[in-house]
Amino acid sequence: MARAFFRLQKFLRRTQFLLFFLTAAYLMAGSLLLLQRTRLVIQQGSRGTSANQALPVPDGMSGVGIIDPRMLQNPNSGPRLLVGMDTLQEPALDQRHSPRWLTSRNSELRQLRRRWFHRFVSDQEPVQTAGFKAMKHTAEHKGTYMGCFSDDSRERTLKGAVFYDLRKMTVSHCQEACAERAYTYAGLAYGAECYCGNKLPVTPSKPEECNSECKGEKGSICGGVNRLSVYRVEELRAGARRRRSVIYRGCFRTPENLTDTFPASLIQPNLTVETCSEFCSKKEFPLAVIRGRECYCGYPTGRFPLHDGADGLLCSGLHNNSSAIKGKYCLVYQTPVQDTRCTDRKFLTTKSKVFVALSSFPGAGNTWARHLIEHATGYYTGSYYFDGALYNKGFKGEKDHWRSRRTICVKTHESGKTEIEMFDSAILLIRNPYKSLMAEFNRKYAGHLGYATDRNWKSKEWPEFVNSYASWWASHVLDWLKYGKRLLVIHYEDLKQSLIPKLKEMVEFLNMTVTEDRLLCVENNRDGNFKRSGAKQKDFQPFTQEMKDLINQYILTVDEALRGRNFTGLPREYVPR
């Protein structure tokens with residue numbers, strides 16, 4: 001009996017040791033496999049040979065079902081790679097404009113400048129909050145909370161202005177934005193969207209259905225899925241009034257049928273610009289039109305497009321009821337209210353059969369062009385990259401996989417045969433290289449809305465930047481002219497000067513049809529949220545004569561190449577003579 005018990009005890013000890021050994025072996029094998037996979041990804045990201053390098057795709061996009069070569073990019077590659085760029089041998093100045101030399105030099109520098117460019121593109125995806133219980137409105141806000149309401153995107157009540165901030169949205173931020181634009185109510189949805197208006201939504205919802213935490217304020221509620229947390233901000237409007245901007249649009253000939261042209265009107269003996277603007281803001285119209293004692297509110301339309309302005313002197317005697325001009329001309333002002341006839345956007349309901357690129361050199365106005373296209377067509381644009389700053393400001397196509405074909409076109413700064421031939425057609429946006437280089441350098445050091453400091457411009461990185469990027473500006477255009485299958489060339493300067501005609505060309509190229517009123521709405525919101533603000537040095541020229549000689553040769557090369565392909569040459573304003 002004792003012997004049997006001893007054998008059993010010995011067997012159990014062996015079994016325990018065996019289980020311990022197997023567990024340890026399993027953990028070691030798993031660790032080795034993880035290290036091997038990590039090493040493989042690092043090696044692939046550091047080779048620099050892939051033609052399709054960009055930023056890693058956020059985890060939330062891994063379910064798309066497409067293996068993206070952008071996942072192999074090393075996001076930590078930085079501008080230090082360009083130190084020593086001056087060791088590359090430059091050919092003589094008279095050989096610099098040779099397309100063959102540009103292509104050769106481009107292949108040497110492409111990897112360096114791509115890593116520099118992508119180093120400054122954010123790869124942070126906003127963290128989405130889901131599955132938590134409904135929270136109380138614990139934070140104190142100046143507005144009065146009106147309750148939780150149903151939000152129907154097709155019949156939205158709060159449609160006076162729309163703002164997105166998928167990272168820093170707070171209740172106070174939304175309230176202040178609506179108050180500055182003279183709205184009575186501010187509504188928040190999805191934790192990151194802000195809507196303004198003067199009418200309270202009609203369909204209340206259960207308080208617990210507003211359960212999305214504000215992206216920029218823990219403990220506060222910013223609506224929910226198809227639900228609005230609504231605040232009354234009328235008490236804030238008095239304080240915000242001094243920050244409001246009423247913009248003078250000019251003197252225009254009065255349309256023939258005022259009743260059909262303007263939906264709202266007011267007649268007052270002592271009419272002032274402020275009175276008319278306040279009246280039109282309450283009615284949620286972006287234009288305030290004054291003719292003597294009469295105030296009219298409306299939108300830019302085919303009857304009143306605001307394209308042919310009159311001499312301001314013709315309106316100077318309006319309030320004096322001058323008999324010579326009485327009734328023929330009117331003063332037009334832009335109210336703080338946003339024109340919302342073109343702000344609705346969505347993804348394509350069916351996959352696009354034509355894969356269209358919106359290609360440009362960095363700093364050439366690609367973001368602005370995307371803003372125009374999205375508001376004109378009503379569809380989101382995609383991106384070969386993922387820029388968190390753009391995504392947080394409402395460019396929802398940034399998060400969508402660039403090959404999903406759910407967007408109207410895809411932003412890219414890439415060049416080279418492989419990258420270009422992936423697309424069926426492309427809008428090629430070209431800008432003055434002097435302006436493009438400065439814009440991209442500003443973005444690199446101060447983001448989409450700021451300006452680089454004097455210290456940045458005087459650093460050694462500025463000449464290195466010009467040395468690399470100036471050749472890229474030229475080779476980018478030459479590559480797309482050579483390998484692009486179907487191109488529409490748009491010059492940034494022409495788009496700024498003749499926005500509607502050029503935007504019509506772009507929309508038709510995308511095989512879309514839009515109304516004239518929608519195009520006028522886009523023109524009324526032409527700047528979007530990405531116009532640089534802050535102090536700007538007038539006539540600031542950071543280019544040395546050596547830089548100018550280099551850039552001018554590239555300009556001549558590109559101009560000649562465009563004309564050789566029967567496209568319009570570069571605008572005369574920056575072609576050297």
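Two strands count as paired if DSSP finds at least two bridges between them, and helices (H or I, at least four residues) and strands (E, at least two) are DSSP runs numbered from the N terminus. The model shown is predicted, so that local features need pLDDT of at least 70 and side-chain atom pairs count only at pLDDT 80 or more, while totals for chains, interfaces and linings use all residues. Residues are numbered from 1 along each chain as its sequence is written, and side-chain values use heavy atoms, with hydrogens and water left out.

View A. Strand β10 (residues 287-291) pairs with β11 in the antiparallel sense over five bridges, and Ile 290 has Cys 295 of β11 as its bridge partner. Strand β9 (residues 264-267) also pairs with β11 in the antiparallel sense, over four bridges, with Cys 297 as the bridge partner of Ala 264. Strand β11 (residues 294-298) is mostly covered, as four of its five residues are buried, where buried means under 20% relative accessible area, exposed over 50% and partly exposed in between (1.4 Å probe, protein chains only).

**View B. The open sheet β1-β7-β3-β4-β2.** Five strands form this sheet in antiparallel pairing, and its edge strands, β1 (144-150) and β2 (161-164), each pair on one side only. Between β2 and strand β4 (residues 193-197) there are four bridges, and Ala 161 has Cys 196 in β4 as its bridge partner.

**View C. The packing of helices α7 and α14.** Helix α7 (residues 366-377) and helix α14 (residues 499-509) pack at an angle of about 75°, with their axes 11 Å apart; axes are lines fitted to C-alpha atoms, for helices over the stretch in contact (heavy atoms within 4.5 Å), and angles run from 0 to 180 degrees between N-to-C directions. The two helices are therefore roughly perpendicular to each other, a term for angles of 65 to 115 degrees, whereas those under 35 count as roughly parallel, over 145 as roughly antiparallel and the rest as oblique. Among the residues that meet here are Trp 368 and Leu 372 in α7, and Leu 503 and Met 506 in α14.

**View D. The largest nonpolar core.** A nonpolar core is a set of buried Ala, Val, Leu, Ile, Met, Phe, Trp, Tyr and Cys residues joined through side-chain atoms within 4.5 Å. This one has 43 residues, and Ile 430 and Trp 473 are among those that touch the most other members. Helix α12 (461-483) is one of the elements that give two or more residues to this core, and α12 gives the most, with eleven residues.
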